[in-house]
Amino acid sequence: MLVLQPARKRRQPSEGRIGLAIAGGGPIGGMYELGALRALDVAIEGLDLTKLEVYVGVSSGAFLAAGLANRLDTAEMCRIFITGDSDQVKFRPEMFLRPAFLEYARRAAAIPRLAFDWWKDVLTDPTGSHLSELVSRFGGAIPTGLFDNRGIERFLRDVFTIRGRSNDFRELAAKLYVVAVDLDSGEAVRFGSPGWDDVSISRAVQASSALPGLYSPVDIRGHHFVDGALRRTMHASVVLDHGIDLMLGINPFVPFNACRGGRPPEGMDKLAQGGLPVVLSQTFRTILQSRMQVGLAKYAQQYPDTDQVVFEPNEDDGEMFFTNVFSYSSRQRVCEHAFHSTLADLRRRREQLAPVLARHGLRLRPEVLDDLSLSIMDGLGIAPRTTDTTARLRVALDDVEDLVKARRPNRRRAVARRR
């Protein structure tokens, strides 16, 4: 589903400043977002997702935002996460699902002390309600996360320290923000903003993707951080605050609507028949989308001169709703599904979308939109092998080219004033 909010007060002419906001959604949500980004990449002429003005990413969306800000394009990310053809890094899903043995051991070590204190209280005050306190007493022995998320940080550190990339927010050509929530205060922190921009990008993404219960909170400067989606779904205001002309957003989680053509799996007439996991999934998605809709309505008033376009699954999309959010084996299927769904959205809304994009120097490619046989695998191929030296040289040449392009309009305006 494409949500289009054209600017109510159009700034003329547009300076072509584009921002990207990517919400969280777990591993499968991230693969949906990658498929959607790849569709935008091939379908919109003039759009370079690696050279935008500002990026913000939350949880799994932080992976993609950080990659794009580091000039890791969608084709290379598909090679890394989908086909495995990348010559740069090797993605192994098991690195994200390693049990947190150190956390288990640390919590288990506290059990004897907790048991001793509890028995001492029982013996000294037999009439007390100590049985009712059993759960709260031993709650501190329960691990804060099932899996060890340090592998996430190591993987990203490897990605962002080769081929001319950087693991330092301050060295990027564009502004990048990664949002996490401080567990002790409940406040959102924007890594990449002043005061937090010295934290490595890989560490910030690790913190932003620390889903409570799945991964342990990440300790940074004595603060414990968890998933940034706890505060807001997409944190689009971070991008909009930069005075951009066009905001692109991607949200992979929407509630399922079986009353509007959505088909549950065979043997399930009502969502409640899917048990607690399905009920919780529907509840969680409803809360996330409701918050985002409220936010977008507010943003339309607060940022009236910014065009806003958000992509998300259709409400009858059973493929996304019923796929296990942690099923790494489904990543290619989900990525392909998102690719086609996004192209279909662009195709259906091309009449309304085309003039909005044209204001920012962008154009929909009809040859892409009308090719129903197109696959996300088309055009990927195998990237040409490069060394770190040649990769850094290419980045430097791109920077020079961008600088020249930026100076040309200023020079033309100066000449016009002299005339």
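**View 1. Helices H12 and H13 cross at roughly 85 degrees.** In this predicted model, H12 spans residues 331-348 and H13 spans residues 350-358. Their axes come within 6 Å. Angles of 65 to 115 degrees count as roughly perpendicular, so H12 and H13 are roughly perpendicular to each other. From H12, the contact is made by Leu-346, Arg-347 and Arg-348. From H13, Arg-350, Gln-352 and Leu-353 take part. By class, this contact has 3 charged, 2 nonpolar and 1 polar residues.

**View 2. The second largest pocket holds about 860 Å³ of space.** Its lining consists of 40 residues. Nearest the centre of the pocket lie Gly-25, Gly-26, Pro-27, Val-325 and Phe-326.

**View 3. Helices and a strand contribute to the lining of the second largest pocket.** At least two residues each come from helix H1 (26-43), helix H2 (60-69), strand E8 (213-215) and helix H10 (275-302). H10 gives the most, with 7 residues.

**View 4. Phe-256 and Phe-322 form an edge-to-face pair.** The structure holds 12 aromatic pairs, this one among them. A pair of aromatic rings is described by the distance of the centres and the angle of the planes. For Phe-256 and Phe-322, the ring centres are 5.1 Å apart and the planes stand at 75 degrees. Planes over 60 degrees apart count as edge-to-face, so this pair is edge-to-face. The pair links distant parts of the chain, 66 residues apart. Phe-256 sits in the loop between strand E11 (246-250) and H10. Phe-322 sits in the loop between helix H11 (318-321) and H12.

Conventions
Residues numbered from 1 in each chain as written. Predicted model: local features only at pLDDT ≥ 70, side-chain atom pairs only at ≥ 80, totals over all residues. Heavy atoms only, no water. Axes fitted to C-alpha atoms, helices over the stretch in contact; angles between N-to-C directions. Helix = DSSP H or I, 4+ residues; strand = E, 2+ residues; numbered from the N terminus. Parallel < 35°, antiparallel > 145°, perpendicular 65-115°, else oblique. Contact = heavy atoms within 4.5 Å. Nonpolar A, V, L, I, M, F, W, Y, C, P; charged D, E, K, R; others polar. 1 Å grid on protein atoms, 1.4 Å probe; cavity = no way out; pocket = protein on both sides within 12 Å on 5 of 7 lines; lining within 4 Å. Points joined across faces, edges and corners; volume = space filled by probe spheres on them. Phe/Tyr/Trp six-rings, centres within 6.5 Å; stacked < 30°, edge-to-face > 60°.
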